[in-house]
Amino acid sequence: MVRDKVLTEATIQVEVVFSPAPRQVEQVTLMLPQGACVRDALVACGWTERVAGLSVGVWGRKSAMGHVLREHDRVEIYRGLKVDPKEARRVRYRAHGEKLPRGIHRAKARTASIT
């Protein structure tokens, strides 16, 4: 029992999460030695070549590969954005049309009937 306690104190549990495409999430839970860094977590899960050149962070904050991990940290791998979020908002706004004041609605288009 004492031996198990020493083993758990010498290791930490971390999660490594990666989303290779929209609506796809891959997650690995690892037991690493205390003092392990982000790079160690990526090597342990085998994703070093797969995520080369991408940004990494811990709990939503960008971090360096040498960042020392703590118990229950979540290492996240960020892929690049394909579209600037501000530009995407502008395009959606233009497609939707001008915003009207609250309570005022657009008239529905009527089809002309020929008699």
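Trainee: Which residue in β2 does phenylalanine 18 stand opposite?
Mentor: In this predicted model, the pairing to look at is that of β1 (11-18) with β2 (26-33), two strands that run antiparallel and are joined by 8 bridges. Within β2, the residue standing opposite phenylalanine 18 is glutamate 26.

Trainee: Which residue is the bridge partner of valine 17 in β5?
Mentor: Besides its pairing with β2, β1 is joined to β5 by 4 bridges, and these two strands run parallel. In β5 (74-78), the bridge partner of valine 17 is glutamate 76.

Trainee: In what order do the elements of the chain run from the N terminus on?
Mentor: The chain holds 3 helices and 5 strands. Read from the N terminus on, these elements follow the order α-β-β-α-β-β-β-α.

Trainee: Is valine 51 buried or exposed?
Mentor: Valine 51 belongs to the loop between α2 and β3, and, leaving out residues up to four places away in sequence, it touches Phe18, Leu42 and Ile77. Because its relative accessibility is 5% and the cut-off for the buried class is under 20%, valine 51 counts as buried.

Trainee: Which residues have the most contacts inside the largest nonpolar core?
Mentor: As a general matter, nonpolar side chains in soluble globular proteins tend to be buried together. Here the largest nonpolar core has 18 residues, and the elements that give two or more residues to this core are β1, β2, α2 (38-45), β3 (55-58) and β5. Inside the core, the residues with the most contacts are Val16, Leu32, Leu69 and Ile77.

Trainee: Which residues is leucine 69 in contact with, leaving aside its neighbours within four places in sequence?
Mentor: Leucine 69 is one of the residues with the most contacts inside the largest nonpolar core, and Leu32, also named among those residues, is one of its contacts.

Trainee: Why does arginine 23 count as exposed?
Mentor: Arginine 23 lies in the loop between β1 and β2, where it has a positive phi of about 65° although it is not a glycine. The exposed class begins over 50%, so arginine 23 counts as exposed at a relative accessibility of 85%.

Trainee: What is the relative accessible area of histidine 72?
Mentor: Histidine 72 is found in the loop between β4 (61-62) and β5, and its phi is near 65°, a positive value in a residue other than glycine. Histidine 72 is exposed, and its relative accessible area is 51%.

Trainee: What percentage of the residues in the chain do buried residues make up?
Mentor: The accessible surface of the chain comes to about 9,600 Å², of which carbon and sulfur atoms hold 55%. The chain has 115 residues, and the part made up by buried residues is 21%.

Terms used. Residues numbered from 1 in each chain as written. Predicted model: local features only at pLDDT ≥ 70, side-chain atom pairs only at ≥ 80, totals over all residues. Heavy atoms only, no water. Buried < 20%, exposed > 50% of the residue type's maximum accessible area, 1.4 Å probe, protein only. Core = buried A, V, L, I, M, F, W, Y, C linked by side-chain atoms within 4.5 Å. Contact = heavy atoms within 4.5 Å. Pairing = 2+ DSSP bridges. Areas by Shrake-Rupley, 256 points an atom, 1.4 Å probe, with all protein chains shown as cover.
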